[in-house]
Amino acid sequence: MIVPEFLLKKIYQKGTLKKDEQGVSFELKNILGPGFISGFNFVQINDKKFDAADVFFVTDNTEIKGTDVSEQTPLKFRLGQKGTIKIADNTCVQDGINKIIIEIMNPEAGKVTVKFEDNI
Amino acid sequence: MKITFDKHSLIIDGKREFIRSGSFHYFRTPGYELAKDRFLKMKSAGYNAVEIYFWWKYHSEKQGEYDFSGLKDVEKVLQAAKDAGLYVISRPGPFINSEVSAGGFPLWLIKDKEVIPRNRIGTEYHYSEKYMQYITEWYDTVIPIINKFDNVILFQIENEYANDEMDETYMRKLYEMARERGIKCPIFHNDAAPWGLWADVVDIYACDTYLYINPNQNWRKDSFCFDTLDNLECVFECKENSPSFIAEMQAGWFDKWDGSGYEHIRKDLSDEHINIVTKTALSQGVTLFNHYMCAGGTSWGNIACDEVYTSYDFTAPISEYGVLEDNYFKVKEINYFLKSFGFTNTEPVDEISVNDEDGIYSKLRKDNENQCKWLFLRNLNDESKTVKILDKYESLIKPYDMKICSVNLKLYACEIEFSDIEIFARLKNDKTETVFLIADENTYMYLSNGDKISGNKKDFDNLKFEEDGKVTQFVFLTRELCRKTWINNDKVIFNADYVAKEDIIALQKSAEIAYFDLKHGFSKNYFKTRPQTNHKIILKDLDVSFCAPEIDTDYDYSGWKKLECSEYDSLSCGLSDEFTFYKGKIPKTINEITLSARHLFAVYINGKEILSRNSYKIEKLQQIPETIQIHLDKKNLNKEENELTILVENLGFDKGFSGETNHPRGLVTFETSPKCDIQFFVNEKLSIERGDNRESDSPYLAKITGHFDVKFREDEIFSKYLYLKNFPYRRATIFLNGVKIGRYIKRANVQDKFYLINAFLKEHNTIDIVVWQKARNIHGSWDFKNEMKNVIIEVGDEIRYQLF
């Protein structure tokens, strides 16, 4: 299934990119339909790429490490459900525009790449 | 026929129509007779429409050439639909998916380097003039055929399409092309998910809804998969003044080579899934639905994409063999109810007082046609739940059940205040109505006169009310009898296995049939079937021959196609069949060859097999290219020039849903070490398909041949299977009277029983099974016969009905 880019961009909640002492965070919202995330391949912020081990996803009041999500242990992501991506590195963001790429796996769509930009 | 629409429904010749459609693939259920049989079964289940994909490749093997003759005669298919009294939803693509090879595109099209299929590379939009030019050719050919039939009510452009920037040029062009060629009915597109895509381009917005796409998923427990379906009414707001249309509403699911088997899926979905999905859609105001699939089919020949095996049963209400399954009878109940009450003009009512509980879904709709309300109650808990309604009534809902309750339903001689006894059907004339109710011990009907009627009844228990010269009669039927109850125009027929048009009754064994109509009441008739004979036979006196002379060293391949370039894959070679033989000479100095081939292949040097491999592999929805290195043993390279033969079996092209339709097949890459240019000669098809019946010295491909007879009778309908029992071989291709009807792969373990498609059956039949043999101790056909002494090849009846 091809998910058009303009829809994927809407997954990111504009204006939620934050930087604090612990690192960087931003919010996602599932506007596509109920489904599973079967893997966090990576998150790239500007030039820095973080693999699943460095990515944490907070949803339904639970913090999940990227490596804990797999085809065998997929994560339910309901329609309308929100979640926060957290990365324990605050050096990757910069003042002004930040370019972010998230690559996740979905059992139906395969590799889903979400690209967006935001200011701190 | 004038077809318009508003936000509630389709309007045909000024009359609102609820469209109850089901999908049927004429290419997977070939021939007029089978189409007629499936359509009549659909009509009997209360469907009023059939959705038909028109498959471009099936009709066009060469650019500019189209074949609509014989089994490919779609006019006959459309005529069969018309004769059965069904409307047609036409879907000529150009892309159709439907798990067919290359998503429906002809191979000559995807081979053309100037063509960008679907104007898309990956997710990016790239307009291709050449592609559009070829679509013109297809539309010019197929639309005039569609236009001959006035029962075509809807026309779809493309299928499940999107591109990154949602450039509309392609979709708008398809719309214009359809209109320019005389399509007068509303045009729609089928969105892959309810995202509202292309709503502005088409007349009616439509989408897929599949909530079960993974047989390992527990759809009952993972109730979150209903998120979209439970909010469909919001989705359809994307198109103003357009009725809610589910172009593919899940009625089953397809199984894959690495799947869990149709038996598992059918058990998993049972009749609960179709009941819940269909009724939830109704609760969301849907007035056009199309069950995908309604009738399963067979991917015979080269129909299948690489993902699916021969059976495309889809766990559909009507199975691949034409058997009426449990989900068929559930749909029949729903369709009869919809047919009785119209259901074309309803709106949601917010005020509803139902206790809120986990796993309970409720929705109330006001029916502007019948001046009543319908309450939808669903229980996704694994135990029964009692729901309190308006603080006054209670309804017990069984686990994973959904029902439609009547609220303030005014009948001729009484008014139902509330009832959770489900209505099966209603027959009425000006003065009398008979409402057939489904008996259920835990259900009740509350009438406005204070009567409380229990649903705990036996078959034909009835109650009669009279008021102002009008009569309402309730007749109870148990669910068991509902399965065998058929409504044909104004007549009800009880106890038949099924009833085709003109009251033709189909029976497997003798039965007493009851009839009812409002004018004559009840009557009975006894039908005696012929004594049952044993329709199961084991094929005896099997003949065995080695059937791949191409592998032999003295085989003359000088007449084969000589490859002029270094691209070996089947598209580049201009080959389209499942099997491709490559032959060439390699010097004895070669130490190693490195190759990748899709999907199953074997390498032979000087007539000896040195590798046999299944490279079919999909991970994370992507095909995994597999490159194999083979170290060559010098004892095999015993001549100055050695003969290399590579046989590749292509299981089909990518269907194009996530991947690209033109991914290469056949021999994809080939290199030697030390590097050496090999001149390859190629030919497609197995020798028996080419009519080359020379016996081979090599035992690697063997043909097992058996014969059986079929007795045809005018008053019988049957479907036959072939069952391979204790079958030890890695791979096999099955032919019925020379037509390829099945692919067997032992490792996949998904199918050992194959439909002997009626269209290919004759009075005297020949089965050929070509197996890829591995045993190295086979030297002659006698060894082979000895090895297969435990193999049972059985031919039998899957169903057999006598018609009266």
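Into which domains is chain B divided? In this predicted model, local features need pLDDT of at least 70 and side-chain atom pairs count only at pLDDT 80 or more, while totals for chains, interfaces and linings use all residues. Residues are numbered from 1 along each chain as its sequence is written, and chains are lettered from A and ligands numbered from 1 in the order in which they are written.

Chain B comprises domain 1 (3-325), domain 2 (346-483), domain 3 (537-545 + 698-803) and domain 4 (549-684), with bounds from an automatic or database domain assignment. A distance of 65 Å separates the C-alpha centres of domain 2 of chain B and domain 4 of chain B. The C-alpha trace of chain B spans about 105 × 65 × 50 Å along its principal axes.

Chain B contains 13 helices and 54 strands (DSSP runs numbered from the N terminus: helices H or I, at least four residues; strands E, at least two). Its radius of gyration is 29 Å, close to the 28 Å that the globule rule gives for 804 residues, so chain B is as compact as a globular protein of that length (radius taken over C-alpha atoms; rule, 2.2 Å times the number of residues to the power 0.38).

The contact between the chains takes 19 residues from chain A and 21 residues from chain B (two residues are in contact if their C-beta atoms, placed from the backbone, lie within 7 Å). On the side of chain B that touches chain A, 11 residues are nonpolar, six polar and four charged (nonpolar: Ala, Val, Leu, Ile, Met, Phe, Trp, Tyr, Cys and Pro; charged: Asp, Glu, Lys and Arg; polar: the others, Gly among them).
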